[in-house]
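Here's a quick briefing to read with the model open in your viewer. Have a look at the fold before going through the points.

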There are 2 protein chains.
Amino acid sequence: MIEGAQGTAYVNGDYVPLAQARVSVLDRGFLFADGVYEVAAVIDGLLVDSDSHLARLARSARELAIPLPLGLAEIEAVQKEIVRANALAEGLVYLQLTRGADVTRDFLAPMDLKPTLVLFAQPRPVAANAAVARGIAVKSMPDLRWARRDIKSVGLLAQALAKREAAAAGCQEAMLLEGEVVTEGASSTFHIVTADDVIVTRPNSNSVLPGCTSAAVAALAGEQGLAIARRAFTLAEARAAKEVFITSASTFVMPVVTIDGAPVAGGVPGPLALRLRDLYLAFARRTGR
Amino acid sequence: MIEGAQGTAYVNGDYVPLAQARVSVLDRGFLFADGVYEVAAVIDGLLVDSDSHLARLARSARELAIPLPLGLAEIEAVQKEIVRANALAEGLVYLQLTRGADVTRDFLAPMDLKPTLVLFAQPRPVAANAAVARGIAVKSMPDLRWARRDIKSVGLLAQALAKREAAAAGCQEAMLLEGEVVTEGASSTFHIVTADDVIVTRPNSNSVLPGCTSAAVAALAGEQGLAIARRAFTLAEARAAKEVFITSASTFVMPVVTIDGAPVAGGVPGPLALRLRDLYLAFARRTGR
């Protein structure tokens, strides 16, 4: 019983109070971080960009050879039931799929485990996010994560430590670096806008998570005729950029106003980031379901 | 309820059937791999090399700023109660400590969470291990893990994938490589014996887990006047070595007889590895408690 936890969760077919939702201590998600997750935003009670998140869930599971316990349409039905049961107008639906629980602990999993599927709701402002007006501060630091960051696994300890280090410096996100090159944020994709108004985003690879929101924003920017370059960029480029912003399922498009305490883009949210955020919100509302 | 799971587990002060032992879905061990673990071997109903494992547990927890919910002596008392309750003559006591459960999911953890402590028993032959007589086969592969391998965290997905890749090749352990250099096994420390009978072991750093069994074996070898070198070594050196062996809490000292299908040390367990295993078993029995 987790005092203070609110709402209804889904655990392997059952809808239960989140405060009492539990998994076996033998679950490989608990013992080995042997699982994947997705976070879907909800606006006006509707799931945002759902196909993209479900496709990424299927890809992550496939990369780890974890069978999906339900079809993607059925999973979306569970997400919608979580929205309904929690009367979730705005917030997030968290979904975690693990390889399941064995009868004992062994690195090597039997092939016939029954996967564990858990969902719960997180009510919070996502469209109406007060942080947008002031932008966020980020702290750069070495990227300590493993080599398969393209899999959205629950092995998130490096990310959690990065968030803590950022918070200790008064920042809301970590800008992770391999040498001088930016990989991504602890829970977001980084983008810069160059002096000649090109939006620069690192291409997908094993080094970064393929961002659903990043992909949607790139498509929307392309529709508007904005220039986009898919290439890696350095911390120095970010510091000198016309604008810096992040994208993620929970922050959508969020302007960055300082890096390591130094103002970027004059220390105020950049106009292109705000325009892309508006475009994304309109897309989210238009396509929500 | 996990059908087939046997014995008694400890979960935050309660002793419960392992099949029914559960943690909250909000536990950060489940959501973020935000936890650490230790595995203590048991021979003749006694814990092997307990001080060393408890010291490493304390170090891992300190590195992540997870407070210990009990003193180390109290934790050992719980381990002993798990041995007693499970009538564990020979096997392993698994212990996992996580940062605990928040009321919702956020990368950034509140500072006042109550840690989660879970223990359970794993009966299995450890002193009487049939694999020793034939030795094990290992498969080399790139080390995909994060940069803080000195912390014994439950972020073990890379290790689990390595074990699966090794098993698919008919091997019992993975030999993890950074470039041509051996880091360690997926769940063990690698050692080689050179042509002039020097035992070579990689020194501790952020790149490898500080092995409790490795340290004890090195001390025992030193007492016998055996030559020891603490340095990194390459896959090519391992292939050409007089002997190769691994150490871990569950395998103690285990000879390696093939690497990537090619015999090492003539394809039979090496005499020095077997001697060190005997020394370790005598130490384990002498100091067990």
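This is a predicted model, where local features need pLDDT of at least 70, side-chain atom pairs count only at pLDDT 80 or more, and totals for chains, interfaces and linings use all residues. Residues are numbered from 1 along each chain as its sequence is written, chains are lettered from A and ligands numbered from 1 in the order in which they are written, and side-chain values use heavy atoms, with hydrogens and water left out. Helices (H or I, at least four residues) and strands (E, at least two) are DSSP runs, numbered from the N terminus.

**The two copies**
- Chain B can be laid on chain A by a turn of 180 degrees and a shift of 0.0 Å along the axis, with an RMSD of 0.0 Å (least squares on the C-alpha atoms of residues with pLDDT of at least 70 in both).
- The two copies are therefore related as by a two-fold rotation axis.
- The same surface serves both of them: 100% of the contact residues of chain B recur in chain A (contact means heavy atoms within 4.5 Å).

**The sheet in chain B**
- Six strands make an open sheet with antiparallel pairing, in the order β2-β1-β7-β6-β4-β5 (two strands pair if DSSP finds at least two bridges between them).
- β2 (14-17) and β5 (46-47) of chain B sit at the edges with a single partner strand each, so one side of each has no neighbour in the sheet.
- Helix α3 (residues 72-85) of chain B packs on this sheet, touching β1, β2, β4 (35-43), β5, β6 (91-98) and β7 of chain B.
- The direction of α3 makes about 35 degrees with that of β7(B) (axes are lines fitted to C-alpha atoms, for helices over the stretch in contact, and angles run from 0 to 180 degrees between N-to-C directions).

**Strand β6 in chain A**
- Eight of the eight residues of β6 (residues 91-98) of chain A are buried (under 20% relative accessible area, with a 1.4 Å probe and protein chains only).
- Eight bridges tie β6(A) to β4 (residues 35-43) of chain A, running antiparallel, and A:V42 has A:G91 as its bridge partner.
- Eight bridges also join β6(A) to β7 (residues 116-123) of chain A, again antiparallel, with A:L97 opposite A:L117.

**Helix α2 in chain B**
- Buried residues of α2 (residues 50-63) of chain B include B:H53, B:L54 and B:L57.
- The buried residues of α2(B) pack against β4, β5, α3, β6 and α6 (212-223) of chain B.
- Just after α2(B), B:A65 takes a positive phi of about 55 degrees.

Notes
Buried < 20%, exposed > 50% of the residue type's maximum accessible area, 1.4 Å probe, protein only. Expected span 1.5 Å × (residues − 1).
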